[in-house]
Amino acid sequence: FNVILDGGGWSGPNEHKLIDLIPSLSNAQRVRTVEEYKTIYGQDLIHVLKAKLHFNFETLVVALMSHPAEYDAHCLHKAMKGLGTDEATLVEIMTSRGNERIQGIKAIYKARYGHELERDISGDTSGAFKHILVSLCQGLRDEGTAVDLERALADAHAL
């Protein structure tokens, strides 16, 4: 990674090599690469990437190299930080992650930001939207694949 990030002594990172390398790795391999980089070089690869890359390319590469639950926690915090709330990000993450991932996100969120994810969601949302997100935040939904056709039809008629 150092040769790629230094451009082999040229004028910055070799973005083409990063584009070739990073998508060819699985998420587990990317996370392991970040861990190994710190062991070998004594630096956090994510911080190095942020320092060497710019704009959307930086955002994409950092997202790909981050542990998924850590990146989700970061995105959720960013979505609720400051004025306004990025509701689309809240919906995307909270509705598409499984229970185990939600539990991981909550633990990372608390460790990184010093408070509960549920508290921030409750403080930044309201009404039925808030209630659904808080419910999803519990990470206890039924993840079974069985479909109750009668209930589905009843729910469809109720809507």
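Phe 55 counts as exposed, at 72% relative accessibility (exposed means over 50% relative accessible area, buried under 20%, and partly exposed in between, with a 1.4 Å probe and protein chains only). The model is a predicted one, so to speak of local features takes a pLDDT of at least 70 and side-chain atom pairs count only at pLDDT 80 or more, whereas totals for chains, interfaces and linings use all residues. Residues are numbered from 1 along each chain as its sequence is written, and side-chain values use heavy atoms, with hydrogens and water left out.

Back to Phe 55: this residue lies in helix H5 (helices are DSSP runs of H or I with at least four residues, strands are runs of E with at least two, and both are numbered from the N terminus). Its phi is near 55°, a positive value in a residue other than glycine. Helix H5 covers residues 55–65, and its buried residues are Phe 57, Val 61, Val 62 and Met 65. They cover an arc of only 125° around the axis, which puts them on the same side of H5; the arc is that of the directions from the helix axis to the C-beta atoms. On the face turned away from this buried side sit the exposed residues Phe 55 and Asn 56. The cover over the buried residues of H5 includes helix H2 (15–21), helix H3 (27–41) and helix H4 (45–52), where contact means heavy atoms within 4.5 Å.

Helix H9 can be read in much this way. Its buried residues are Leu 117, Asp 120 and Ile 121. Seen down the axis of H9, they fall within an arc of 100°, so they line one face of the helix. Arg 119 and Gly 123 are exposed on the other side of H9. Helix H6 (68–80), H7, helix H8 (99–113) and H10 are among what covers the buried residues of H9. Asp 120, found in helix H9 (residues 117–124), counts as buried at 11% relative accessibility. Leaving aside residues up to four places away in sequence, Asp 120 touches Met 80, Tyr 109 and His 115. Gly 123, by contrast, counts as exposed at 60% relative accessibility.

Now for the helix pairs. H6 and H8 pack at an angle of about 65°, with their axes 8 Å apart; axes are lines fitted to C-alpha atoms, for helices over the stretch in contact, and angles run from 0 to 180 degrees between N-to-C directions. The crossing of H6 and H8 is right-handed (the near helix is turned clockwise from the far one by less than a right angle, whereas anticlockwise makes a crossing left-handed). On the H6 side, the contact is made by Pro 68, Ala 69, Glu 70, Asp 72, Ala 73, His 74, Leu 76, His 77 and Met 80. H8 brings Arg 101, Gly 104, Ile 105, Ile 108, Tyr 109, Arg 112 and Tyr 113. By class, the contact of H6 with H8 has nine nonpolar, three polar and four charged residues; Ala, Val, Leu, Ile, Met, Phe, Trp, Tyr, Cys and Pro count as nonpolar, Asp, Glu, Lys and Arg as charged, and the others, Gly among them, as polar.

The second pair is H7 (residues 87–96) and H10 (residues 127–137), whose axes come within 10 Å and cross at roughly 35°. H7 passes H10 in a left-handed crossing. Glu 87, Leu 90, Val 91, Met 94 and Thr 95 of H7 meet Phe 129, Leu 133, Leu 136 and Cys 137 of H10. These residues divide into seven nonpolar, one polar and one charged.

Arg 97 is found in the loop between H7 and H8. Arg 97 is buried, with a relative accessible area of 16%. Its contacts, not counting residues up to four places away in sequence, are Asp 72, Glu 92, Ile 102, Ile 105 and Arg 141. The C-alpha atoms of Arg 97 and Glu 143 are separated by 11 Å, and the two residues are 46 apart along the chain.

Last, the cysteines. The structure holds zero disulfides, a disulfide being a pair of cysteine sulfur atoms within 2.5 Å. The sulfur of Cys 137 is 16 Å from the closest cysteine sulfur, in Cys 75, too far for a bond. Cys 137 counts as buried at 1% relative accessibility, and Cys 75 counts as buried at 17%.
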